[in-house]
Amino acid sequence: MSLMKSFLGAAATLAMTAGLAVAEPALIFDLGGKFDKSFNEAAHNGAQRWAEETGGKYREIELQSEAQREQALRRFAEAGANPVVTMGFAMADPLSTVAPDYPDTKFVVIDVNWLDLPNVRQVGFAEHEGSYLVGMLAAMSSKSGTVGFIGGMDVPLIRHFACGYAQGVKAVNPDATVVANMTGTTPAAWNDPVKGSELTKAQISQGADVVYAAAGGTGVGVLQTAADEGILSIGVDSNQNHLHPGKVLTSMLKRVDVAVYEAMKAGEAVETGVFTMGLAEEGVGFAMDEYNADLVSEEMAATVNATRQQIIDGEVSVASYYADSSCPVLEF
Amino acid sequence: MEKMPKWADVVLIPLISLLLAAGLSALVILAIGESPTEALNLMIEGALGSTYGWGYTLYYATNFLFTGLAVAVAYHAGLFNIGGEGQAMLGGLGVAYACLFIPWPHWTVALLFASVAAALFGAAWAAIPAYLQAKRGSHVVITTIMFNFIAAALLNYMLVNILKPEGGFDPATARFPDAVHLPSLHEILLPLGINFSKNAPANVSLLVALAACVLVWLLIWRTWLGYEIRSYGKSETGARYAGMSPVKITMIAMLISGALCGMMAINNVMGEAERLVLNATEGAGFIGIAVALMGRNHPFGVFLAAILFGFLYQGGAELALWTSIPRELIVVIQALVILFTGALDNMVRMPLEKIFIALRKEKA
């Protein structure tokens with residue numbers, strides 16, 4: 001009995017401390033986990049940057065199951081966390097049930113831009129535009145006229161990446177061939193560097209001499225094999241140029257870290273609504289640094305930068321896979 | 001003569017194994033600098049301390065009941081069904097088709113027919129490995145595990161290309177219509193004056209799972225078919241000599257097993273998500289193996305083990321929410337329980353048997 005009492009006592013103390021910690025932000029990672037070297041890790045980096053700069057604290061959870069999505073949202077909202085930052089398109093549906101129940105809590109969701117909820121900040125990225133630019137670089141660097149794309153799972157988001165990439169390639173070289181493969185059909189596909197390596201070898205045997213990996217942790221294997229086999233690779237999400245200096249052509253940046261950092265910095269006053277981070281907002285782009293300076297000539301960089309400006313100005317339009325669930329230049 | 005009394009086999013061994021697993025988990029938690037007692041408090045409070053916690057614990061338990069029973073039925077026929085994951089995915093597809101394309105008048109009718117659809121899809125997915133085992137001798141362990149991957153690929157294709165609603169970005173079906181909404185425990189218990197948490201996902205399919213427990217018990221121990229299944233599982237040659245058909249028993253046991261796995265979908269797809277998502281099963285098919293092992297392949301044991309694993313899942317979620325214990329460690333704790341209760345069974349059993357034999361000698 002006394003054991004039970006001490007259990008309850010401890011639980012009560014815990015509940016109180018949880019209640020006292022008002023207005024701490026919370027961060028909900030998607031199933032890939034905090035250290036996926038990609039999407040979730042970028043969010044982690046953004047949150048860490050906020051914590052270091054402000055000395056603030058935040059709550060976090062790495063989801064393990066689908067049922068936990070709604071659970072984590074409600075539990076954090078009930079504990080007074082504000083804003084609650086969530087990652088990934090799979091949070092859209094749970095958010096549309098939970099957010100109306102907590103009108104005083106602000107929610108932030110990354111990779112979602114189609115909900116109609118007053119207390120949700122939705123941040124979408126124009127991945128197709130960034131992918132278009134790295135596609136151009138790939139086509140300019142390719143000698144064989146064949147470039148590769150390696151995705152994680154065959155989901156609309158990854159098709160969106162692939163479609164922008166293929167359009168960029170074809171814009172430079174209409175005769176180029178784009179070889180596109182997906183890593184797998186289970187969530188393990190996001191973290192399977194061995195399979196990424198095998199797919200890279202398969203694409204090399206089909207003539208590819210530049211490969212673009214949009215596959216989370218799997219991309220580590222793609223970049224490694226490309227470097228070992230002497231072809232070029234393109235990283236994704238974070239700047240991965242430094243992983244293999246002189247072997248990674250560029251990286252398609254998707255500044256999830258900035259989106260998370262800004263949301264946390266704004267705190268409870270975070271502005272809600274739909275925000276698209278495209279080329280103009282520097283939400284997406286291609287990475288240039290000392291590691292790939294020798295790979296991208298000034299002329300190449302100038303051409304791509306000119307196109308970047310044209311896309312921002314609306315002179316060049318990149319078709320989005322989302323628009324009609326199909327891609328003009330690539331079959332899935 | 002039995003080496004030890006039945007209660008020791010059924011209660012004592014799992015209990016000691018559990019304590020060992022808990023002890024080792026406590027050491028691991030201590031090693032990363034967190035307090036094991038606090039972690040235990042959090043798990044118990046979070047999983048069993050409120051109707052909200054119970055609602056999640058029972059929701060997970062419902063999943064594990066179906067898959068655990070499925071593994072148990074196959075096991076009695078000497079078959080090891082590792083394909084629960086794939087069969088449950090296909091069950092989800094069956095439920096999605098039943099709920100999306102037929103306008104049901106009431107949830108009761110929908111539940112009945114969705115269960116049938118889920119069972120049929122699950123059974124169909126088990127039928128091919130069963131046939132290959134029965135007729136060709138291809139080992140069911142290999143084929144069922146391969147079918148898990150084929151199921152994942154099929155589900156992926158269906159969701160991305162066919163079932164995804166127009167203009168959707170998420171690889172998932174549209175939400176099911178309100179008419180097929182299954183009452184949650186909150187809605188069931190409210191008329192009885194019990195205010196069960198509104199936000200917990202446990203629903204009426206828990207009752208279906210409990211009914212399935214009773215039916216499986218009746219099937220295995222009270223019917224002619226169950227007798228055949230058990231005889232075949234104990235001794236194939238003996239069963240053959242007695243005139244039983246190995247092909248028939250293999251097929252039937254696997255079909256029942258697949259149907260039970262498929263029926264898990266009425267809980268997670270129809271009851272909880274109310275739409276079919278890519279990652280709907282999340283390993284419940286594999287947890288079913290541990291549940292069946294721990295439950296000694298008896299429906300009541302499966303029931304207890306399912307509750308335990310439900311507790312571990314929900315308690316683990318609470319740990320992840322309120323402590324900095326990383327989720328990998330929560331998986332370690334769950335794995336330790338599986339390891340001790342399933343794989344290291346003999347480690348506890350053998351010394352215990354010796355103790356009981358020694359005790360008996362003393363008496364004699």
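Modeller: The largest nonpolar core has 226 residues, and B:Leu69 and B:Val95 touch the most other members. By nonpolar core I mean a set of buried Ala, Val, Leu, Ile, Met, Phe, Trp, Tyr and Cys residues joined through C-beta atoms within 7 Å. Buried means that 20 or more other C-beta atoms lie within 10 Å of a residue's own, exposed means 12 or fewer, and partly exposed is in between, with C-beta atoms placed from the backbone. Please keep in mind that this is a predicted model, where local features need pLDDT of at least 70 and side-chain atom pairs count only at pLDDT 80 or more, while totals for chains, interfaces and linings use all residues. As for names, residues are numbered from 1 along each chain as its sequence is written, and chains are lettered from A and ligands numbered from 1 in the order in which they are written.

Back to the core: helix α3 (residues 51-76) of chain B gives the most to it, with 17 residues. Helices (H or I, at least four residues) and strands (E, at least two) are DSSP runs, numbered from the N terminus. Apart from neighbours within four places in sequence, B:Val95 is in contact with B:Ala114, B:Ala117, B:Ala118, B:Ala265, B:Ile266, B:Val269 and B:Met270. Contact here means that the C-beta atoms of two residues, placed from the backbone, lie within 7 Å. In soluble globular proteins, nonpolar side chains tend to be buried together.

Now follow α6 (140-163) of chain B. Its buried residues include B:Val140, B:Phe147, B:Leu155 and B:Leu163. The buried residues of α6(B) pack against β6 (146-153) and α6 (156-172) of chain A, together with α4 (84-101) and α5 (107-136) of chain B.

That brings us to where the chains meet. The contact takes 29 residues from chain B and 31 residues from chain A. On the side of chain B that touches chain A, the elements giving two or more residues are α2 (36-48), α3, α6, α12 (265-273) and α14 (299-322) of chain B. By class, this side of chain B has 18 nonpolar, five polar and six charged residues; Ala, Val, Leu, Ile, Met, Phe, Trp, Tyr, Cys and Pro count as nonpolar, Asp, Glu, Lys and Arg as charged, and the others, Gly among them, as polar.

Chain A also has β6 in an open sheet of six strands, ordered β7-β6-β8-β9-β10-β12, with mixed pairing. Two strands pair if DSSP finds at least two bridges between them. At the edges stand β7 (177-184) and β12 (284-286) of chain A, each with a single partner strand, so one side of each is left without a neighbour in the sheet. Neighbouring strands of this sheet are turned by 15 degrees against each other on average, direction ignored; axes are lines fitted to C-alpha atoms, for helices over the stretch in contact, and angles run from 0 to 180 degrees between N-to-C directions.

Within this sheet, look at β9 (residues 232-237) of chain A, which runs parallel to β10 (residues 248-254) of chain A and is joined to it by five bridges. Six of the six residues of β9(A) are buried. A:Ile234 stands opposite A:Thr250, and A:Ser233 stands opposite A:Val248. A:Ser233 is also the bridge partner of A:Val211. β8 (residues 210-214) of chain A and β9(A) pair in the parallel sense over three bridges. From β8(A) the chain crosses through helix α8 (residues 218-229) of chain A to β9(A) in a right-handed β-α-β crossover; right-handed means that, with the strands pointing away from the viewer, the path from the first strand over the helix to the second runs clockwise.

Another open sheet in chain A has six strands in the order β2-β1-β3-β4-β5-β11, with parallel pairing. Its edges are β2 and β11 (273-277) of chain A, each with a single partner strand, so one side of each lacks a neighbour in the sheet.

Finally, a backbone detail: A:Asp111, in the loop between β4 (107-110) and β5 (120-125) of chain A, has a positive phi of about 80 degrees although it is not a glycine. Most residues other than glycine have a negative phi, and most peptide bonds are trans. With 24 C-beta neighbours inside 10 Å, A:Asp111 counts as buried.
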